[in-house]
Amino acid sequence: MSKEQLPLTLFSPYQTAGFRFSHRVVLAPLTRCRALNEIPQQANAEYYAQRATPGGLLITEGTHISPSAVGVPHCPGIYTDRQIHAWTKVVQAVHAKGGFIFCQLWHVGRASHQSYQPGGNTAPISSTDNPISTRMEILLADRKKAYYTPPRRLSKSDISSVVDEYRQAAVNAIEAGFDGVEIHGANGYLIDQFLKDGVNDRKDEYGGNLTNRCRFLVEIIRSVCSAIGSNRVALRISPSVDLMEASDSDPLGLGLAVVAELNKIPQLAYLHVPQIRWLAQRDGKEDEDKEMMRKWKDAYQGCFMGNGGYSKETGMKAVADGEVDLVSYGRFFISNPDLVERFRTGAGINPYDRATFYTHDLVIGYTDYPFMQN
(Lines give C-alpha, C1' and ligand atoms only; values in the text may rest on other atoms or scores of the structure.)
Protein backbone atom coordinates (compact mmCIF):
# COMPACT_ATOMS: atom_id res chain seq x y z
CA MET A 1 0.00 0.00 0.00
CA SER A 2 1.43 3.40 -0.95
CA LYS A 3 1.74 6.25 1.47
CA GLU A 4 -1.14 8.06 -0.24
CA GLN A 5 -3.42 5.06 0.30
CA LEU A 6 -2.78 4.73 4.03
CA PRO A 7 -5.94 5.32 6.10
CA LEU A 8 -6.25 8.79 7.60
CA THR A 9 -5.72 9.14 11.33
CA LEU A 10 -5.54 11.91 13.93
CA PHE A 11 -1.83 12.06 13.14
CA SER A 12 -2.16 12.56 9.38
CA PRO A 13 -1.19 16.06 8.21
CA TYR A 14 -3.90 18.34 6.86
CA GLN A 15 -3.73 21.26 4.44
CA THR A 16 -6.37 23.96 4.92
CA ALA A 17 -6.88 27.00 2.72
CA GLY A 18 -3.91 28.71 4.34
CA PHE A 19 -2.16 26.35 6.75
CA ARG A 20 -0.60 22.90 6.82
CA PHE A 21 -1.21 21.20 10.16
CA SER A 22 1.06 18.34 11.14
CA HIS A 23 -1.78 16.47 12.89
CA ARG A 24 -5.53 16.78 13.41
CA VAL A 25 -5.83 17.11 17.20
CA VAL A 26 -6.94 20.67 18.00
CA LEU A 27 -7.29 22.50 21.31
CA ALA A 28 -10.95 23.52 21.49
CA PRO A 29 -11.92 27.01 22.68
CA LEU A 30 -12.38 26.72 26.44
CA THR A 31 -13.61 29.37 28.84
CA ARG A 32 -11.15 29.27 31.77
CA CYS A 33 -11.67 32.66 33.52
CA ARG A 34 -7.95 33.23 34.14
CA ALA A 35 -7.50 36.50 32.21
CA LEU A 36 -7.81 38.78 35.24
CA ASN A 37 -9.74 41.96 34.46
CA GLU A 38 -9.90 40.86 30.80
CA ILE A 39 -6.10 41.01 30.43
CA PRO A 40 -4.18 37.84 29.45
CA GLN A 41 -1.59 36.99 32.09
CA GLN A 42 1.78 35.25 31.99
CA ALA A 43 -0.05 32.15 33.19
CA ASN A 44 -2.17 32.26 30.03
CA ALA A 45 0.99 32.23 27.92
CA GLU A 46 2.29 29.25 29.90
CA TYR A 47 -1.04 27.39 29.59
CA TYR A 48 -1.23 27.71 25.80
CA ALA A 49 2.48 27.04 25.30
CA GLN A 50 2.16 23.82 27.34
CA ARG A 51 -0.42 22.58 24.84
CA ALA A 52 1.36 23.73 21.68
CA THR A 53 2.97 21.22 19.31
CA PRO A 54 4.92 21.77 16.09
CA GLY A 55 2.33 22.26 13.37
CA GLY A 56 -0.61 21.82 15.75
CA LEU A 57 -3.58 24.19 16.06
CA LEU A 58 -4.81 25.85 19.27
CA ILE A 59 -7.99 27.92 19.50
CA THR A 60 -8.20 30.43 22.34
CA GLU A 61 -10.99 30.77 24.81
CA GLY A 62 -13.81 33.10 23.79
CA THR A 63 -12.35 36.61 23.58
CA HIS A 64 -14.53 39.69 23.92
CA ILE A 65 -14.65 41.93 20.86
CA SER A 66 -15.91 45.01 22.74
CA PRO A 67 -16.95 46.23 26.19
CA SER A 68 -20.57 45.24 25.48
CA ALA A 69 -19.56 41.67 24.61
CA VAL A 70 -18.82 40.65 28.23
CA GLY A 71 -20.92 38.14 30.17
CA VAL A 72 -18.43 35.99 32.10
CA PRO A 73 -15.88 37.21 34.67
CA HIS A 74 -12.16 37.31 33.89
CA CYS A 75 -12.38 36.30 30.25
CA PRO A 76 -9.98 38.11 27.89
CA GLY A 77 -10.70 40.90 25.45
CA ILE A 78 -9.08 41.95 22.19
CA TYR A 79 -10.33 45.55 21.90
CA THR A 80 -7.75 47.62 23.83
CA ASP A 81 -4.06 48.25 23.25
CA ARG A 82 -3.24 46.67 26.59
CA GLN A 83 -5.12 43.50 25.69
CA ILE A 84 -3.46 43.30 22.29
CA HIS A 85 -0.02 43.68 23.87
CA ALA A 86 -0.78 41.00 26.46
CA TRP A 87 -1.98 38.58 23.79
CA THR A 88 1.25 39.14 21.87
CA LYS A 89 3.14 37.37 24.64
CA VAL A 90 0.75 34.41 24.49
CA VAL A 91 1.10 34.11 20.72
CA GLN A 92 4.88 34.35 20.88
CA ALA A 93 5.00 31.53 23.44
CA VAL A 94 2.93 29.28 21.14
CA HIS A 95 4.93 30.17 18.05
CA ALA A 96 8.16 29.41 19.92
CA LYS A 97 6.89 25.82 20.20
CA GLY A 98 6.08 25.72 16.47
CA GLY A 99 2.32 25.85 16.94
CA PHE A 100 -0.49 27.78 15.30
CA ILE A 101 -3.05 29.74 17.33
CA PHE A 102 -6.40 31.27 16.36
CA CYS A 103 -8.26 33.81 18.52
CA GLN A 104 -11.95 33.05 19.04
CA LEU A 105 -13.96 36.27 18.65
CA TRP A 106 -16.87 36.32 21.11
CA HIS A 107 -19.90 38.46 21.83
CA VAL A 108 -22.35 36.99 24.34
CA GLY A 109 -25.30 39.18 23.29
CA ARG A 110 -28.24 38.77 25.66
CA ALA A 111 -26.34 36.18 27.75
CA SER A 112 -25.15 39.01 29.96
CA HIS A 113 -26.14 41.30 32.82
CA GLN A 114 -26.25 45.07 33.06
CA SER A 115 -23.41 45.00 35.59
CA TYR A 116 -21.09 43.71 32.85
CA GLN A 117 -22.15 46.41 30.40
CA PRO A 118 -20.45 49.79 29.90
CA GLY A 119 -21.47 52.05 32.77
CA GLY A 120 -22.87 49.10 34.69
CA ASN A 121 -26.50 49.94 34.03
CA THR A 122 -27.26 49.42 30.32
CA ALA A 123 -29.06 46.56 28.65
CA PRO A 124 -27.08 43.93 26.75
CA ILE A 125 -27.77 43.66 23.02
CA SER A 126 -29.44 40.94 20.99
CA SER A 127 -31.57 40.15 17.95
CA THR A 128 -34.56 40.40 20.27
CA ASP A 129 -35.78 42.19 23.37
CA ASN A 130 -36.86 38.92 24.99
CA PRO A 131 -34.56 37.86 27.85
CA ILE A 132 -33.23 34.47 28.82
CA SER A 133 -35.84 33.17 31.25
CA THR A 134 -35.59 33.17 35.03
CA ARG A 135 -35.08 29.41 34.87
CA MET A 136 -31.42 30.30 34.33
CA GLU A 137 -29.00 32.47 36.31
CA ILE A 138 -25.79 34.27 35.42
CA LEU A 139 -22.62 34.38 37.53
CA LEU A 140 -21.61 37.97 38.27
CA ALA A 141 -18.12 39.35 38.79
CA ASP A 142 -18.61 39.30 42.59
CA ARG A 143 -19.46 35.55 42.38
CA LYS A 144 -23.12 36.20 43.19
CA LYS A 145 -25.84 34.95 40.88
CA ALA A 146 -28.62 36.93 39.22
CA TYR A 147 -31.16 36.68 36.44
CA TYR A 148 -30.13 37.72 32.95
CA THR A 149 -30.93 41.36 32.16
CA PRO A 150 -33.58 41.91 29.46
CA PRO A 151 -31.73 42.80 26.23
CA ARG A 152 -32.07 45.67 23.80
CA ARG A 153 -33.03 44.73 20.24
CA LEU A 154 -30.34 45.96 17.84
CA SER A 155 -31.40 48.50 15.26
CA LYS A 156 -30.07 48.19 11.70
CA SER A 157 -27.53 50.96 12.36
CA ASP A 158 -26.50 49.21 15.58
CA ILE A 159 -25.94 46.02 13.60
CA SER A 160 -23.51 47.79 11.29
CA SER A 161 -21.56 49.01 14.30
CA VAL A 162 -21.32 45.50 15.77
CA VAL A 163 -20.20 44.08 12.42
CA ASP A 164 -17.40 46.65 12.47
CA GLU A 165 -16.46 45.61 16.02
CA TYR A 166 -15.90 42.07 14.75
CA ARG A 167 -13.79 43.41 11.88
CA GLN A 168 -11.68 45.56 14.21
CA ALA A 169 -11.24 42.70 16.70
CA ALA A 170 -9.93 40.52 13.85
CA VAL A 171 -7.49 43.25 12.81
CA ASN A 172 -6.39 43.54 16.45
CA ALA A 173 -5.84 39.78 16.63
CA ILE A 174 -3.58 39.82 13.59
CA GLU A 175 -1.72 42.78 15.12
CA ALA A 176 -1.16 40.63 18.23
CA GLY A 177 0.38 37.96 15.99
CA PHE A 178 -2.45 35.42 15.84
CA ASP A 179 -2.46 33.16 12.80
CA GLY A 180 -6.18 33.67 12.37
CA VAL A 181 -9.53 34.12 14.09
CA GLU A 182 -12.50 31.88 14.78
CA ILE A 183 -15.84 33.72 14.79
CA HIS A 184 -17.97 32.32 17.61
CA GLY A 185 -21.41 31.83 16.10
CA ALA A 186 -22.51 29.02 18.42
CA ASN A 187 -23.92 28.07 21.83
CA GLY A 188 -26.63 30.70 22.22
CA TYR A 189 -24.44 33.79 22.01
CA LEU A 190 -25.02 36.88 19.87
CA ILE A 191 -24.64 35.46 16.35
CA ASP A 192 -26.60 32.34 17.34
CA GLN A 193 -29.35 34.62 18.66
CA PHE A 194 -29.78 35.88 15.09
CA LEU A 195 -29.52 32.42 13.50
CA LYS A 196 -32.04 30.55 15.66
CA ASP A 197 -35.78 31.05 15.12
CA GLY A 198 -36.38 30.19 18.77
CA VAL A 199 -34.79 33.54 19.66
CA ASN A 200 -34.90 35.74 16.55
CA ASP A 201 -38.37 37.28 16.33
CA ARG A 202 -37.43 40.16 14.02
CA LYS A 203 -39.70 41.31 11.18
CA ASP A 204 -37.00 43.09 9.15
CA GLU A 205 -34.34 41.75 6.78
CA TYR A 206 -32.47 40.18 9.72
CA GLY A 207 -35.35 37.94 10.78
CA GLY A 208 -37.88 35.47 9.44
CA ASN A 209 -36.57 33.19 6.71
CA LEU A 210 -33.21 31.43 6.75
CA THR A 211 -31.56 33.89 4.36
CA ASN A 212 -32.51 36.79 6.60
CA ARG A 213 -31.46 35.07 9.81
CA CYS A 214 -28.07 34.27 8.28
CA ARG A 215 -27.57 37.87 7.10
CA PHE A 216 -25.88 39.18 10.28
CA LEU A 217 -23.40 36.28 10.26
CA VAL A 218 -22.67 36.68 6.55
CA GLU A 219 -22.02 40.41 6.96
CA ILE A 220 -19.60 39.70 9.80
CA ILE A 221 -17.74 37.01 7.87
CA ARG A 222 -17.43 39.10 4.72
CA SER A 223 -16.23 42.12 6.71
CA VAL A 224 -13.65 40.10 8.63
CA CYS A 225 -12.47 38.30 5.47
CA SER A 226 -12.03 41.60 3.65
CA ALA A 227 -9.88 42.86 6.54
CA ILE A 228 -7.55 39.89 7.14
CA GLY A 229 -8.12 37.39 4.32
CA SER A 230 -10.55 34.47 4.23
CA ASN A 231 -7.81 31.87 4.79
CA ARG A 232 -7.24 33.38 8.25
CA VAL A 233 -10.94 33.24 9.17
CA ALA A 234 -12.86 30.31 10.67
CA LEU A 235 -16.39 29.91 11.99
CA ARG A 236 -17.99 27.93 14.81
CA ILE A 237 -21.73 27.19 14.65
CA SER A 238 -24.04 24.87 16.60
CA PRO A 239 -27.36 24.50 14.75
CA SER A 240 -28.46 21.45 16.77
CA VAL A 241 -27.32 22.66 20.18
CA ASP A 242 -29.85 24.29 22.51
CA LEU A 243 -27.82 26.38 24.95
CA MET A 244 -28.81 29.72 26.49
CA GLU A 245 -32.36 28.89 25.34
CA ALA A 246 -31.34 29.25 21.70
CA SER A 247 -33.10 26.54 19.72
CA ASP A 248 -34.19 26.19 16.12
CA SER A 249 -37.19 24.41 14.62
CA ASP A 250 -35.07 23.02 11.76
CA PRO A 251 -31.42 22.62 12.82
CA LEU A 252 -30.50 20.57 9.75
CA GLY A 253 -31.89 23.25 7.43
CA LEU A 254 -30.20 26.01 9.41
CA GLY A 255 -26.81 24.31 9.19
CA LEU A 256 -27.21 23.71 5.46
CA ALA A 257 -28.22 27.35 4.95
CA VAL A 258 -25.08 28.57 6.73
CA VAL A 259 -22.93 26.16 4.70
CA ALA A 260 -24.52 27.37 1.47
CA GLU A 261 -23.58 30.95 2.36
CA LEU A 262 -20.03 29.92 3.28
CA ASN A 263 -19.61 28.16 -0.05
CA LYS A 264 -20.17 31.52 -1.78
CA ILE A 265 -17.16 33.02 0.04
CA PRO A 266 -13.48 32.32 -0.69
CA GLN A 267 -12.61 29.26 1.36
CA LEU A 268 -12.28 29.78 5.10
CA ALA A 269 -9.63 28.12 7.26
CA TYR A 270 -12.27 25.73 8.64
CA LEU A 271 -15.86 25.32 9.81
CA HIS A 272 -16.11 24.14 13.44
CA VAL A 273 -19.29 22.36 14.57
CA PRO A 274 -19.79 21.08 18.13
CA GLN A 275 -22.18 18.43 19.36
CA ILE A 276 -23.17 18.29 23.02
CA ARG A 277 -23.18 14.53 23.34
CA TRP A 278 -24.72 14.34 26.81
CA LEU A 279 -27.66 16.43 25.56
CA ALA A 280 -28.06 14.17 22.53
CA GLN A 281 -27.87 11.09 24.76
CA ARG A 282 -30.41 12.58 27.15
CA ASP A 283 -32.82 13.39 24.33
CA GLY A 284 -32.19 10.19 22.38
CA LYS A 285 -30.86 12.10 19.37
CA GLU A 286 -27.33 10.74 18.98
CA ASP A 287 -28.02 9.11 15.61
CA GLU A 288 -29.92 12.17 14.39
CA ASP A 289 -27.09 14.51 15.40
CA LYS A 290 -24.49 12.29 13.74
CA GLU A 291 -26.52 12.23 10.52
CA MET A 292 -26.83 16.02 10.53
CA MET A 293 -23.10 16.42 11.08
CA ARG A 294 -22.42 14.17 8.09
CA LYS A 295 -24.80 16.15 5.86
CA TRP A 296 -23.20 19.45 6.85
CA LYS A 297 -19.74 18.02 6.27
CA ASP A 298 -20.68 16.65 2.85
CA ALA A 299 -22.23 19.98 1.83
CA TYR A 300 -19.34 22.16 2.99
CA GLN A 301 -16.59 22.77 0.43
CA GLY A 302 -13.79 23.23 2.94
CA CYS A 303 -12.18 21.95 6.12
CA PHE A 304 -14.70 20.56 8.64
CA MET A 305 -13.81 20.32 12.34
CA GLY A 306 -15.85 18.26 14.79
CA ASN A 307 -16.12 18.77 18.53
CA GLY A 308 -17.94 17.23 21.45
CA GLY A 309 -17.10 14.22 23.58
CA TYR A 310 -14.59 12.59 21.24
CA SER A 311 -12.14 10.09 22.68
CA LYS A 312 -8.95 9.15 20.89
CA GLU A 313 -10.70 6.11 19.44
CA THR A 314 -13.86 7.89 18.26
CA GLY A 315 -11.76 10.74 16.90
CA MET A 316 -9.63 8.30 14.92
CA LYS A 317 -12.74 6.62 13.53
CA ALA A 318 -14.40 9.94 12.62
CA VAL A 319 -11.32 11.00 10.64
CA ALA A 320 -10.88 7.58 9.00
CA ASP A 321 -14.56 7.46 8.00
CA GLY A 322 -14.44 10.96 6.52
CA GLU A 323 -16.93 12.37 9.04
CA VAL A 324 -14.54 15.19 10.00
CA ASP A 325 -11.19 16.56 8.88
CA LEU A 326 -10.04 17.83 12.29
CA VAL A 327 -11.15 17.04 15.85
CA SER A 328 -11.06 19.55 18.72
CA TYR A 329 -10.70 18.36 22.30
CA GLY A 330 -11.65 20.25 25.43
CA ARG A 331 -11.67 18.50 28.80
CA PHE A 332 -8.90 16.04 27.89
CA PHE A 333 -6.70 18.95 26.78
CA ILE A 334 -7.37 20.76 30.08
CA SER A 335 -5.92 17.92 32.12
CA ASN A 336 -3.32 16.74 29.61
CA PRO A 337 -1.07 19.50 28.29
CA ASP A 338 0.75 16.83 26.25
CA LEU A 339 -2.47 15.27 24.94
CA VAL A 340 -1.19 14.88 21.38
CA GLU A 341 1.81 12.85 22.51
CA ARG A 342 -0.32 10.78 24.89
CA PHE A 343 -2.67 9.94 22.01
CA ARG A 344 0.28 9.20 19.74
CA THR A 345 1.98 6.83 22.20
CA GLY A 346 -1.11 5.30 23.77
CA ALA A 347 -0.20 6.62 27.21
CA GLY A 348 -2.77 7.05 29.96
CA ILE A 349 -4.87 10.17 30.39
CA ASN A 350 -4.85 12.41 33.46
CA PRO A 351 -8.36 12.79 34.92
CA TYR A 352 -9.72 16.33 34.92
CA ASP A 353 -11.02 18.19 37.95
CA ARG A 354 -14.30 19.81 36.97
CA ALA A 355 -14.34 21.90 40.18
CA THR A 356 -11.35 23.92 38.91
CA PHE A 357 -12.54 24.52 35.33
CA TYR A 358 -13.70 28.10 35.98
CA THR A 359 -11.79 29.26 39.04
CA HIS A 360 -9.48 32.27 38.83
CA ASP A 361 -6.39 30.58 40.25
CA LEU A 362 -3.49 31.01 37.82
CA VAL A 363 -1.92 27.66 38.70
CA ILE A 364 -4.27 25.15 40.30
CA GLY A 365 -6.33 23.32 37.72
CA TYR A 366 -4.68 25.38 35.00
CA THR A 367 -0.93 24.96 34.51
CA ASP A 368 -0.27 22.27 37.15
CA TYR A 369 -1.51 19.15 35.36
CA PRO A 370 1.43 16.73 34.94
CA PHE A 371 3.18 15.83 31.71
CA MET A 372 4.15 12.24 30.90
CA GLN A 373 7.32 11.06 32.59
CA ASN A 374 10.21 10.73 30.16
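User: What length should α5 span at 1.5 Å a residue, and what do its end C-alpha atoms give?
Analyst: This is a predicted model. The 19 residues of α5 should span 27 Å at 1.5 Å a residue, and the end C-alpha atoms are 27 Å apart, so the two agree.

User: Where is the kink in α5 centred?
Analyst: On phenylalanine 216, with a kink of about 40°.

User: Which residues of α5 are buried?
Analyst: Asn212, Arg213, Cys214, Phe216, Leu217, Val218, Ile220, Ile221, Ser223, Val224, Cys225 and Ile228.

User: What covers them?
Analyst: The cover includes α3, β10 (180-185), α4 (190-195), β11 (233-237) and α6 (251-262).

User: Take α3, then. How do α3 and α5 cross?
Analyst: The axes of α3 (residues 156-175) and α5 (residues 210-228) come within 9 Å, crossing at roughly 35°. The crossing is right-handed.

User: Which residues make that contact?
Analyst: From α3, they are Ile159, Val162, Val163, Tyr166, Arg167, Ala170, Val171 and Ile174. From α5, they are Phe216, Glu219, Ile220, Ser223, Val224, Ala227 and Ile228. By type, the contact residues divide into 12 nonpolar, 1 polar and 2 charged.

User: Why would residues three or four places apart point the same way?
Analyst: An α-helix has 3.6 residues a turn, so residues at that spacing end up pointing the same way.

User: Buried or exposed, for asparagine 37 and asparagine 187?
Analyst: Asparagine 37 is exposed, because its relative accessible area of 64% is over 50%. Asparagine 187 has 13%, which is under 20%, so it counts as buried.

User: What about serine 12: where is it?
Analyst: In the segment before β1 (14-15). Its relative accessibility is 12%, so serine 12 counts as buried.

User: What does serine 12 touch?
Analyst: Not counting residues up to four places away in sequence, serine 12 touches Pro7, Ser22, His23 and Arg24. Serine 12 and serine 22 are 10 residues apart in sequence, and their C-alpha atoms are 6.8 Å apart in space.

User: Now tryptophan 296. Which helix holds it, and is it buried or exposed?
Analyst: Tryptophan 296 is in α8 (residues 286-299). At 1% relative accessibility, tryptophan 296 counts as buried.

User: What is tryptophan 296 in contact with?
Analyst: Leaving aside neighbours within four places in sequence, the contacts of tryptophan 296 are Pro239, Ser240, Pro251, Leu252, Gly255, Leu256, Val259, Val273 and Phe304.

User: Last one, lysine 89. Where is its place?
Analyst: In helix α2 (residues 81-96). Lysine 89 is partly exposed, because its relative accessible area of 43% falls between 20% and 50%. From lysine 89 to valine 233 is 21 Å, C-alpha to C-alpha, and the two are 144 residues apart in sequence.

Notes: Residues are numbered from 1 along each chain as its sequence is written. This is a predicted model: local features need pLDDT of at least 70, side-chain atom pairs count only at pLDDT 80 or more; totals for chains, interfaces and linings use all residues. Side-chain values use heavy atoms; hydrogens and water are left out. Axes are lines fitted to C-alpha atoms, for helices over the stretch in contact, and angles run from 0 to 180 degrees between N-to-C directions. Helices (H or I, at least four residues) and strands (E, at least two) are DSSP runs, numbered from the N terminus. A crossing is left-handed if the near helix is turned anticlockwise from the far one by less than a right angle, and right-handed if clockwise. Contact means heavy atoms within 4.5 Å. Ala, Val, Leu, Ile, Met, Phe, Trp, Tyr, Cys and Pro count as nonpolar, Asp, Glu, Lys and Arg as charged, and the others, Gly among them, as polar. The expected span of a helix is 1.5 Å times one less than its number of residues. The bend at a residue is the angle between axes fitted to the seven residues ending there and the seven starting there. Buried means under 20% relative accessible area, exposed over 50%, partly exposed in between (1.4 Å probe, protein chains only).
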